[in-house]
Amino acid sequence: MPLCATCDSVDILKLLLICISQCRDKQKALSDGETYDTRLNNYEGSEVKHHGDIFEVEKSSKDCDLCEVIFQAFKRTNVQDAEVARGLQIIFRASCNKIEVCYNTDAKERLIKLCGLDVYMDEPDVEELFRVGQIKEDKSPPLLKIMEKDPASRKSFEIASRWLRNCVEGHSSCRPPTELQKPPRRLIHVGNETQNPFLVETFPDLQHVEWLSLSYCWGGKGEPSMKLTNDKMDELKNGIPLAKFDATIQGAILATRALGISYIWIDALCIIQGGNEWSEEASKMNEIYGGSKVTLVIASSESVKDGFLNERDLNYIPVAYSTDLAEDHRAKVFFSPEWDDSEREYNGHWSKRGWTMQEGLLPNRLLHYTASQIIWKCCEEQRFERGITERVEDRISETLTYSDYDDIAFGSGFLWELPAFLKFKRFKNHLPISLDYPLMSHPDTFRLWYDLVEDFTQRKFTKISDRLVAISGLARIYSGMIRNPTYVAGLWKEDLIRGLLWHVEGSTLIPRRSADNISDFYPAFPSWSWASVGYEAAKNGLKADNSLRALSEIENIQIVRVDPEDPYGAVKSGSVTITGPLRRLPRLYSKEWASAEASMSKLERHISEIVEKESQGSVAHKYSSPPGGHFSVLRMLGDTGLLHLLVLEATGRNRNGINVYRRGGILKLWYIDPSSQASPELIATFKGMETSITAQLGQYKKTRRTQKIPSAVFMEVVRENWVKETVIID
C-alpha cells in the first residue's frame with residue numbers, strides 16, 4: 001500500500017541525517033573517553049508532527065502500511081483505557097541514533113515513546129553513508145542493511161564467509177587452542193557439486209585438518225533418517241547423494257562448502273549409534289566443538305527434517321528516496337518495525353535443549369542461523385546480518401566511560417554485564433594471575449557457574465540421565481580455569497555451603513509441579529544437587545555474595561560415579577555429611593498457622609505460611625504428616641541481621657548412627673530496622689509514577705515488591721540455642 005499523505009509529508013531523510021549526526025557525535029565522545037547524552041544536545045528539526053492522535057493513526061492504518069505498524073505497536077502496549085491517548089499529538093523524533101514514534105503530552109512528561117522504527121537501505125548505500133557521515137557500524141547504528149529473503153543465496157553465504165575470514169585473519173584470541181586441534185574420530189567430507197559427501201576416519205597424528213561442527217536439534221518428528229551404524233559404515237564411506245540427507249544436514253553441508261571448509265562433524269553421522277561409543281565420545285565434546293574452526297548453530301529448527309535455509313518473512317516499507325549518493329543512483333529508504341530485542345538471543349527450540357548449551361559455549365566461533373537472520377559470535381565481537389556489530393572493545397570503553405568502575409579487573413563487575421558466551425570466554429583472563437590470591441573465597445570465582453546452571457536447568461532432554469554428562473565439558477574447562485577444585489554432581493566442594501542454597505525460581509520450599517519431577521523417575525541425582533529438580537531455573541541468590549559467615553561445616557562428600565575415571569560425568573548416587581546448628585520440626589505445615597490460638601513458634605507459623613502459598617491451594621500430606629517422622633532446619637550461613645537455612649526432610653533411615661535426610665528447600669530470615677524503611681515521601685513518589693500518563697499509556701513498568709519478612713521470626717531464631725548435629729543428605 002502507498003503511504004498516507006501525513007506519512008508521506010514527514011521528512012524521513014532529514015530525520016535520518018540527524019540520527020547519523022547523533023551517532024557520529026556519540027562515537028567521537030566515546031573514543032575521547034567522554035560521556036554523551038543525545039537528550040542534552042539540540043538538533044534542529046529532530047521532532048516532526050505526524051497524525052493528531054492514535055485514533056487518526058488507526059483510521060489511516062487501513063490504507064497505509066506505516067500507520068498500520070504504528071497502530072499495531074499501540075495495540076501491543078498495556079493501555080488500560082485507550083481514551084487516555086485521545087488528543088495526544090503523534091510525533092516522529094530522532095533520538096539516540098534512532099527514529100521514534102512518540103505521544104506529545106504537552107505536560108511535564110512531554111514526549112513519551114510509543115515505538116521505534118528501524119531504517120533500512122541496501123548494504124552498499126549504508127556503507128557509503130557511514131563513510132560520508134564518519135561513523136562505524138556498532139550496536140545501535142542509525143541505518144540497518146536490507147537482508148536477503150533467501151538465506152541460501154550467494155550474497156548471504158558471502159556475508160557469513162566474510163565474517164569467518166575476518167575473524168581468522170584478525171582475531172588471535174579466537175583461534176582454537178593448539179591442544180584441541182586434534183580431529184575427531186570421524187568426519188564427513190562435504191564434497192562438491194560433482195562429488196557426494198562421504199565419511200572419513202581420521203587418525204590422532206593427522207595434522208592441519210579443519211572442520212566445522214554442527215549444533216542442531218534432532219527434533220520430535222522422528223530421528224535423523226540417515227545415521228551411522230555398523231551396517232551403514234561402508235555406504236557412508238562410499239558417498240551419499242546430498243538429496244538423501246535430511247533438510248538440516250543438506251543445508252549444513254551447503255553452508256560448509258560455502259565457507260570453504262572441507263569437513264563437517266555431525267553427531268548422528270560421526271558417532272556409531274545404538275552402542276557404547278556414544279558415552280566415550282560424549283566426554284570429548286570439548287575437543288570436538290572447541291577444536292573446530294567454527295560451529296554452525298541451527299537455532300530456529302525444531303527438527304532435523306525442517307531445514308534452516310528457508311525463505312524469510314521480511315517486512316520493509318518503502319518511505320523515501322535519497323538522491324545525495326550519486327547523480328545516477330537513487331537509494332531506496334525503508335522502514336520496518338523496531339527489532340524486538342528478545343530476538344538478539346536465540347529463543348528457538350535449540351536454546352531449550354540441554355546438549356546445545358555447551359555446544360554453544362565450547363567453540364570460539366559460532367555462526368547462528370535463526371528464522372530471521374544469521375548471527376556471528378566470536379571472542380571479540382557479535383555481528384548481526386541486519387547490520388549491527390557489538391565489539392568487546394566498545395563495551396570496555398562504555399563501561400569505563402559511563403559506569404562507576406575504575407577498571408575492568410577481577411571483582412569490578414564488568415564481566416557480569418557481558419552476554420553468557422563472552423562471560424565464559426573471557427572469564428579465565430578476568431581471573432587474578434597471582435597464585436597467592438585467595439581465589440576460592442572470592443564470590444566471583446563461582447558466580448559464573450551459578451549463572452550457567454540457572455540457564456542449563458531450564459533445558460530439556462530426551463534422556464534425563466544425560467543431564468550431568470551434557471554439562472561435563474563446561475565443568476572440565478571451568479575447573480581448569482579456577483585451579484581445579486573438586487567437582488561434586490554439579491556443584492563445587494570448595495563452595496558447597498553456599499552452593500547448596502539454590503532454589504527453584506518462584507519457590508523456596510515446595511517443588512514446582514509444572515515440570516517433570518525428575519527425582520521420581522531418575523533417583524540417581526542427589527536431592528542436594530540442582531540436577532534433581534524439574535525443568536525450572538535453579539537460582540542461587542548468594543552467587544554475588546560470599547561475605548557471610550559459615551555456620552555449618554562439610555564433613556564428608558561421597559559420590560558414586562558411573563565412570564570412576566570421569567569426575568565430571570554421570571553419577572549413580574551422592575551424599576553430603578554436614579555438621580551445624582539444627583532444629584527439628586514435627587511438621588512443615590499446620591493449617592492452623594493463621595490462628596492466634598494455635599500453639600506454634602513464630603518460625604513454624606512462618607514456614608507454614610510459605611508452604612501454603614507455594615503449594616497454590618493444595619498442600620501435600622507429607623508436609624503435615626512427614627513419612628520420615630520429622631523435618632529439620634539447619635543454619636548454613638549468617639551475618640548481623642541475616643540467616644540462610646537449609647530445610648531437610650527426614651528419611652527415617654540412619655547411617656552409622658547418623659540421621660539421613662533429603663534436601664527440602666531453603667529459608668532466608670532477616671531483621672529489618674524500622675528506621676531504614678522507605679519514607680512516606682518516597683512511597684508517594686512511586687505511587688505517583690504508577691498513575692502517571694506514562695503508566696496509563698502502558699510504558700511504565702512497575703517495580704517488583706519484595707516480600708516483607710517479620711523481624712520477629714529472625715529474633716526468635718537467633719535467641720534460641722540450636723544444638724549442633726551431624727546429618728547426612730542423600
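**Salt bridges, ring pairs and cores**

The term means a side-chain nitrogen of Lys or Arg within 4 Å of a carboxyl oxygen of Asp or Glu. Lys 539 belongs to strand β20, while Glu 505 is in the loop between β19 (503–504) and α18 (518–521), so this pair links distant parts of the chain, 34 residues apart. Helices (H or I, at least four residues) and strands (E, at least two) are DSSP runs, numbered from the N terminus.

This is a predicted model: local features need pLDDT of at least 70, side-chain atom pairs count only at pLDDT 80 or more, and totals for chains, interfaces and linings use all residues. Residues are numbered from 1 along each chain as its sequence is written, and side-chain values use heavy atoms, with hydrogens and water left out.

Buried means under 20%, exposed over 50%, and partly exposed in between (1.4 Å probe, protein chains only).

Elsewhere, salt bridges with shared partners join Arg 185, Arg 186, Glu 201, Lys 237, Glu 277, Glu 280, Glu 281 and Lys 284 into one network. The whole structure has 45 salt bridges. In one of them, Glu 281 pairs with Arg 185, with the closest N and O atoms 3.5 Å apart. Glu 281 is in helix α10 (residues 277–282) and Arg 185 is in the loop between α6 (154–170) and β6 (186–189), so the pair ties together parts 96 residues apart in sequence. Glu 281 is buried, at 2% relative accessibility, whereas Arg 185 is partly exposed, at 29%.

Another salt bridge joins Lys 543 to Asp 451, where the closest N and O atoms are 2.6 Å apart. Lys 543 sits in the loop between β20 (538–539) and β21 (549–550) and Asp 451 in helix α15, so parts 92 residues apart in sequence are tied together. Asp 451 is buried, with a relative accessible area of 16%.

Now the rings. Rings of Phe, Tyr and Trp (its six-membered ring) pair if their centres lie within 6.5 Å; planes under 30 degrees apart count as stacked, over 60 as edge-to-face and the rest as tilted. That rule gives 18 aromatic pairs. Phe 410 and Tyr 437 have ring centres 5.8 Å apart and planes at 80°, so this pair is edge-to-face. Phe 410 lies between α13 (392–402) and α14 (420–430), in the loop, and Tyr 437 lies in the loop between α14 and α15 (443–456), so the pair ties together parts 27 residues apart in sequence. Phe 410 is buried, at 14%; Tyr 437 is partly exposed, at 27%. Ring pairs also link Phe 427, Phe 446, Trp 449, Tyr 478, Tyr 487, Trp 492 and Tyr 568 into a cluster.

Last, the cores. A nonpolar core is a set of buried Ala, Val, Leu, Ile, Met, Phe, Trp, Tyr and Cys residues joined through side-chain atoms within 4.5 Å. Which members of the largest core touch the most others? Of its 133 residues, they are Leu 296, Trp 449 and Trp 530. Helix α15 gives this core its largest share, 7 residues. Apart from it lies another core, of 51 residues, including Phe 71, Ala 85, Cys 115 and Phe 335.
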